[in-house]
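Here's a quick briefing for anyone meeting this structure for the first time. Take a look at the model, then read on.

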Amino acid sequence: MGVIGVQLVVTMVMASVIQKITPHYSFARWLLCNGSLQWYQHPTEEQLQVLAGKQQKAKSKKERKYNGHIETKPLTVPKDINLHLEAKSITEMDTRVLHYFPEYQWLVDFTVCATVVYVITEVYYSLTNPRNEMNISIVWSLLVLTFVFKVLFSLTTHYFKVEEGGERSVCITFGCFFFVKAMAILIVTENYLEFGLETGFANFSGGAMQFLEKQGLQSQGPVSKLTFKMSLAILCGFIGAFLTFPGLRLAQMHLDALNLAKEKLTQTLLHVNFLSPLIMVLLWVKPITKDYIMNPPLGKESIPLMSESTYDSLRLWIIIALCVLRLALIRQHLQAYLNLAQKSIEQMKKEAGRIGTKDLQKMVARVFYYLCVIALQYVAPVIMLLHTTLLLKTLGHHSWGLLSEPSYMSPKEITEASNSVKSSTLVANESKKLTVAQITMALDGLQNVFTPLLFRGLLSFLTWWIAACLFSTSLFGLFYHQYLTIA
């Protein structure tokens with residue numbers, strides 16, 4: 001399979017862009033520093049002293065001797081102090097103090113470059129239709145997913161390091177819950193959830209047995225179906241644990257963003273954005289979506305509204321459109337999070353007693369310092385969904401065509417095509433050296449093992465599962481923030 005060509009040129013250009021241009025012109029930094037986001041600066045001790053009526057140092061602190069040492073009590077102010085925070089636009093200088101800003105900038109900028117590579121590659125394939133070139137966009141998408149998992153793992157381990165609070169217990173509880181849920185989902189028949197896992201695994205096992213037999217090995221298959229599904233359930237448990245706090249945070253930002261939105265259109269888009277994972281989940285439920293669209297009840301005769309391949313393409317477009325909508329509303333959600341600083345001050349004014357100035361400053365400052373953590377929790381699941389869908393299209397041999405009939409291949413046709421490619425390659429390699437022929441045979445054998453049927457089933461399930469986890473955690477967060485928290 002050749003790699004030298006247009007795809008290599010695009011890859012080298014994007015690598016240069018990441019290395020030379022993104023440090024100076026970063027899309028991730030522009031999202032935060034374009035002037036639309038306002039953060040609240042914490043007050044100084046002098047400002048708090050003036051507001052509290054304590055302008056003399058002797059009245060602001062009490063000192064006493066204890067075992068020969070001078071002990072200074074921290075300055076406190078009344079909680080009902082008349083404090084109004086100053087709002088400022090985020091600048092590039094401000095981003096230097098943000099936690100996880102390098103991780104946020106790298107993930108977003110690399111995702112943008114990988115998406116551009118994917119689009120250019122898709123256009124190149126649609127115009128030239130190369131048969132002997134490896135699709136380099138697959139490597140870029142796999143790298144994006146690797147970085148997303150690394151970031152989510154880092155954020156989750158951060159919660160595990162917190163000794164106080166129940167973050168660790170929440171992650172473990174949701175991880176176990178999603179593990180059990182995944183095992184229950186994996187036994188559901190294909191008549192209800194149309195992933196194609198059974199067909200893909202059967203094709204994978206058959207191809208693997210044939211490949212091992214041609215290598216002179218006797219085997220009943222690489223793994224059993226039980227081992228395959230158990231491994232998949234464990235992976236699903238980890239994904240659910242990683243998406244726990246992103247879903248809970250999304251619910252809180254959704255409620256706050258709704259309170260800020262005054263236009264009906266914005267409110268409608270926010271509702272659609274929150275329900276978008278549910279829409280993605282329903283796309284694979286056959287009785288609700290596919291069976292109804294393929295065979296709608298129109299009297300005695302049922303006329304399909306579209307072909308099966310067109311429905312698969314439409315499903316890909318719907319997921320991508322919902323991902324774009326969620327990314328388009330990122331500023332509304334991040335601003336809703338930044339407003340928590342003023343919201344916490346207003347809540348504090350309703351309480352009686354006093355609060356230390358250091359504690360008050362930390363309460364306000366940490367909202368801004370953790371902005372990139374919240375931004376990662378918002379964009380990471382969307383990036384995961386987007387590039388899992390792109391991999392589903394490419395590795396599953398789907399099509400983007402909707403109006404015209406796409407070149408869709410059934411599972412049987414895919415198997416026959418793989419066998420024909422293999423046989424033709426063997427004939428062509430008879431005149432070559434033995435080592436080259438063996439390498440080509442091995443690669444073709446692996447292509448018969450890892451077929452589009454396997455990738456369709458596996459990536460369809462993972463895409464569905466990510467959306468299901470995100471909706472489950474955000475729905476629980478919505479219930480928690482709306483009914484269980486004390487206002």
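This is a predicted model: local features need pLDDT of at least 70, side-chain atom pairs count only at pLDDT 80 or more; totals for chains, interfaces and linings use all residues.

Residues are numbered from 1 along each chain as its sequence is written, and side-chain values use heavy atoms, with hydrogens and water left out.

**The nonpolar patch**

- The patch is formed by V180, M183, L226, M230, I234 and F238, with about 560 Å² of accessible area together.
- Two helices, α7 (167–185) and α9 (225–242), each supply at least two of its residues; F238 is one that sits in α9.
- Patch members have over 30% relative accessible area and no salt bridge, with nonpolar side chains (Val, Leu, Ile, Met, Phe, Trp, Tyr) joined within 5 Å and like charges within 9 Å.
- A salt bridge here is a side-chain nitrogen of Lys or Arg within 4 Å of a carboxyl oxygen of Asp or Glu.

**The whole protein**

- You'll find 20 helices and 6 strands; these are DSSP runs (H or I, at least four residues, for helices; E, at least two, for strands), numbered from the N terminus.
- Of the 487 residues, 46% count as buried, meaning under 20% relative accessible area, while exposed is over 50% and partly exposed is in between (1.4 Å probe, protein chains only).
- The accessible surface comes to about 26,200 Å², and 63% of that belongs to carbon and sulfur atoms; areas come from the Shrake-Rupley method with a 1.4 Å probe, and for residues only the protein chains shown count as cover.
- Among contacts (heavy atoms within 4.5 Å) with a separation of 6 or more, 83% are between residues 24 or more positions apart.

**Helices α15 and α16**

- In α15 (residues 340–349), the buried residues are L340, A341, Q342, I345 and M348.
- Those residues pack against β1 (38–41), α10 (244–260), α14 (330–338), β6 (354–356) and α16.
- Helix α16 has its own buried set: T357, L360, Q361, M363, V364, A365, V367 and F368.
- How far apart are the end C-alpha atoms of α16? They are 18 Å apart, which agrees with the 18 Å that its 13 residues (357–369) should span at 1.5 Å a residue; the expected span is 1.5 Å times one less than the number of residues.

**Residues with a positive phi**

- Most residues other than glycine have a negative phi.
- Y100 isn't a glycine, yet its phi is positive, about 65 degrees.
- Y100 lies in the loop between β5 (86–89) and α5 (101–128), and it counts as buried because its relative accessible area is 19%.
- H397, also not a glycine, has a positive phi near 55 degrees.
- H397 is in the loop between α17 (371–395) and α18 (411–428); at 42% relative accessibility, it counts as partly exposed.

**Buried spots and cysteines**

- D312 is in helix α13 (residues 308–328) and counts as buried, at 4% relative accessibility.
- The C-alpha atoms of D312 and W400 are 9.0 Å apart, although 88 residues separate the two along the chain.
- C113 is buried, with a relative accessible area of 5%.
- How many disulfides does a search of the whole structure find? It finds 0, where a disulfide is a pair of cysteine sulfur atoms within 2.5 Å.
- C236 is in no disulfide, and the nearest cysteine sulfur, that of C469, is 6.9 Å away.
- C236 is buried too, with a relative accessible area of 0%.
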